[in-house]
Amino acid sequence: MRKQRGVRFRLIQGFLGVLAVLMLLPMLQTFLYSFSSISEMKSYMGTRGSFDESRWMDPHLIPNMFSLGQYHQILITDNTVLRLFVNSAMYAAMILAGQAIIIPAMAFGLSRFHFPGRNAAFFGIILLMLLPFQVTMVPNVLTLRSLGLTDTIWAVVLPMWFAPFYIFLIRQFMVGLPNELIEAAEMDGAGTFSVYLRVILPVCRPILGAAAALSFAESWNLVEQPLTYLTTRGDLQPLSTMFNQLVKEKTGFEFAGAALYILPALFVYLFFQEDILSGLQLTELK
Amino acid sequence: MYTKKRLVLPFLLPGLIGILLFYVVPFFGGIWYSMTDGSFENAFVGFQNYSNVWQNPMFQLGLKNTMELSLICAPGLFLLSFALSVLLNRIRPAGTFFRSSVLLPYLMPSSAVLIIWLLWFDFGGPVNRLVTLFGGGRVLWLQGMELRYPVILLFLWKNLGFCVVIFLAALQAIPDALYEYATLEGASFTRQAFSITLPLIVPSAFLVFILCWVNAFRIFKEVYFIGGAYPDEPLYTLQNYMNNMYGKLNYQNVTTAAYSFALIVFALFGVLFYLQNRAQQGLS
């Protein structure tokens, strides 16, 4: 259906363009502000929360003077943000490493094998996927406690290794793969494991990339788990639970902190962008 | 498709053990927990906890707010993302910039974006400038009932792209030839939308709808960042109640509230699954 690019097309394009810029604005503003000096940001943030009808906050768009002061503060002078950042990175890395081993294998087992109870298992995973975190929170704490894991990083990391949503996502993709793919490999004498490693995983690249990016986003934004499993360990908290503390203290370097916090997510996104856009194709439940 | 059963074990076993240990056992263990009194003997009290919690005003407030917020967020997110992906599908292939920029927020950590949000919705901030530009009076966005708007907007901003991408994939999978044929036959745009587009994307749309609800029930994250553990009344969600009860070591109340909520969630999804089955049979 080749349409003439008429007025209507331009209108839609213009509207979507404006919306796209609005969507990106928070990140853009964060990066711009992060290059202001600390004192500038302190006084700017200080004008917040005034209920005087006659006063406005400055329409502050770009820094008055380019400065790396905020970055110097968080990277060199004071290591609070950096330490939390390292914690966050550690959680994300450990969660993703475990998931990479467990989740695709499980999805493979659930999608390419016939065994009794297969549909029941898949149905169970869908149900678990729908459950809010709090439903299993207390019993989970008890399980973790009896394993001696509460207030350790494993309390946050281990349950995430088996996150049902990603099993579901990858399984949906694997179900759609043609049988010929496997049969051809078997003709060449490949065993189950080498089919999985050499045929299935490479073909699933888009969905694996998409799942990795989404899982990273989740691990980078953990809130409930550290709050409940690490109650006595302030030193193990990630950036996600501590960052608003930093904002409340009006330190003047919150924007460099936010920029530093956003940056890895941005890189992950740029790296996996193609995979996400082509891999996330949820079709019907089979 | 493999049929040799023992070969599946090495693939499934590690995952299954973990799921049993961290999801299934806690799920059933929690049911037992919600029916005991939490004392040293941990006596069985049946549904006593449930009737206690259901009569608790804070639980009722949290449930009411969670349901209200989800009822705004989930359908809102669904309709908005559908409309956007239809528009986007019409201008392809020009929409790559938009597609990328709409998905980016999904990967952004909410707490980092929070500062900007607080600035925008400040009493003297840009949003109020816009409001006065259009002739309205300034609004106290950051307290009371009005605080819901920034929270809902943050939620939509963050989750929009994910739904748009899934919708778009479904829309793009529809062969153009179908539309060409329909146009030749003289079918109008609306007729095409209802007879071609809709039936073909029902399965994907249904999954998007479910995911909208799953995410809407998790709006606590945004609430927690903006309002803290004890936000103003219009934002006090069920998760706030559960987390605060947890903080007070009242595990019975947490699990009881949690299972009451789970019951509602499952009932809702059950109805949705049923409706989707009906709809698909009706369409085919």
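This is a predicted model: local features need pLDDT of at least 70, side-chain atom pairs count only at pLDDT 80 or more; totals for chains, interfaces and linings use all residues.
**Exercise 1. Content and extent of chain A**

Determine how many helices and strands chain A has, and whether chain A is compact or spread out.

Solution. 
Step 1. Chain A has 14 helices and zero strands. Read from the N terminus, its elements therefore follow the pattern α-α-α-α-α-α-α-α-α-α-α-α-α-α.
Step 2. For 286 residues the globule rule gives 19 Å, whereas the radius of gyration of chain A is 24 Å, well over that value; chain A is therefore more spread out than a compact globule.
Step 3. Taken along the principal axes, the box filled by the C-alpha atoms of chain A is roughly 75 × 65 × 35 Å.
Step 4. Buried residues account for 43% of the 286 residues of chain A.
Step 5. Consider the contacts in chain A between residues at least 6 apart in sequence: 79% of them join residues at least 24 apart.

**Exercise 2. Description of chain B**

State what elements chain B has and what its C-alpha trace spans along the principal axes.

Solution. 
Step 1. Chain B has 12 helices and zero strands, in the order α-α-α-α-α-α-α-α-α-α-α-α along the sequence.
Step 2. The span of its C-alpha trace along the principal axes is about 75 × 70 × 35 Å.
Step 3. Of the 284 residues in chain B, 43% are buried.
Step 4. Among the contacts in chain B with a separation of 6 or more, 69% are between residues 24 or more positions apart.

**Exercise 3. Where the chains touch**

Solution. 

**Exercise 4. The packing of α5(A) and α8(A)**

Decide how helix α5 of chain A is oriented relative to helix α8 of chain A, and identify the residues that meet.

Solution. 
Step 1. Helix α5 (residues 118–130) and helix α8 (residues 164–175), both of chain A, pack at an angle of about 130°, and their axes are 8 Å apart.
Step 2. Angles over 145 degrees count as roughly antiparallel and those from 65 to 115 as roughly perpendicular; α5(A) is therefore oblique to α8(A).
Step 3. The crossing in which α5(A) passes α8(A) is left-handed.
Step 4. From α5(A), the residues Ile125(A), Ile126(A), Leu128(A) and Met129(A) meet Pro164(A), Phe165(A), Ile167(A) and Phe168(A) of α8(A).
Step 5. By class, this contact has eight nonpolar residues, with no polar and no charged ones.

**Exercise 5. The packing of α11(A) and α14(A)**

Describe the geometry and the residue classes of the contact between α11(A) and α14(A).

Solution. 
Step 1. Helix α11 (residues 205–220) and helix α14 (residues 254–279) of chain A pack with their axes 7 Å apart, at an angle of about 145°.
Step 2. Their crossing is left-handed.
Step 3. Residues of α11(A), including Phe216(A), Ala217(A) and Trp220(A), meet residues of α14(A), including Pro264(A), Ala265(A) and Val268(A).
Step 4. The contact of α11(A) with α14(A) has 14 nonpolar, three polar and two charged residues.

**Exercise 6. Buried or exposed?**

Classify Gly14(A) as buried or exposed, do likewise for Ala258(A), and name the residues in contact with Ala258(A).

Solution. 
Step 1. Gly14(A) lies in helix α1 (residues 7–33) of chain A. It has 10 other C-beta atoms within 10 Å; since 12 or fewer is the cut-off for exposure, Gly14(A) is exposed.
Step 2. Ala258(A) is placed in helix α14 of chain A. It has 31 other C-beta atoms within 10 Å; since 20 or more is the cut-off for burial, Ala258(A) is buried.
Step 3. With its neighbours within four places in sequence set aside, Ala258(A) is in contact with Thr30(A), Ala112(B) and Ile115(B).
Step 4. Ala258(A) and Thr30(A) are 228 residues apart in sequence, while their C-alpha atoms are 6.9 Å apart in space.

**Exercise 7. The cover of α6(A)**

Solution. 
Step 1. The buried residues are Met137(A), Val138(A), Pro139(A), Asn140(A), Val141(A), Thr143(A) and Leu144(A).

Key: Residues are numbered from 1 along each chain as its sequence is written. Chains are lettered from A and ligands numbered from 1 in the order in which they are written. Axes are lines fitted to C-alpha atoms, for helices over the stretch in contact, and angles run from 0 to 180 degrees between N-to-C directions. Helices (H or I, at least four residues) and strands (E, at least two) are DSSP runs, numbered from the N terminus. Angles under 35 degrees count as roughly parallel, over 145 as roughly antiparallel, 65 to 115 as roughly perpendicular and the rest as oblique. A crossing is left-handed if the near helix is turned anticlockwise from the far one by less than a right angle, and right-handed if clockwise. Two residues are in contact if their C-beta atoms, placed from the backbone, lie within 7 Å. Ala, Val, Leu, Ile, Met, Phe, Trp, Tyr, Cys and Pro count as nonpolar, Asp, Glu, Lys and Arg as charged, and the others, Gly among them, as polar. The radius of gyration is taken over C-alpha atoms; the globule rule is 2.2 Å times the number of residues to the power 0.38.
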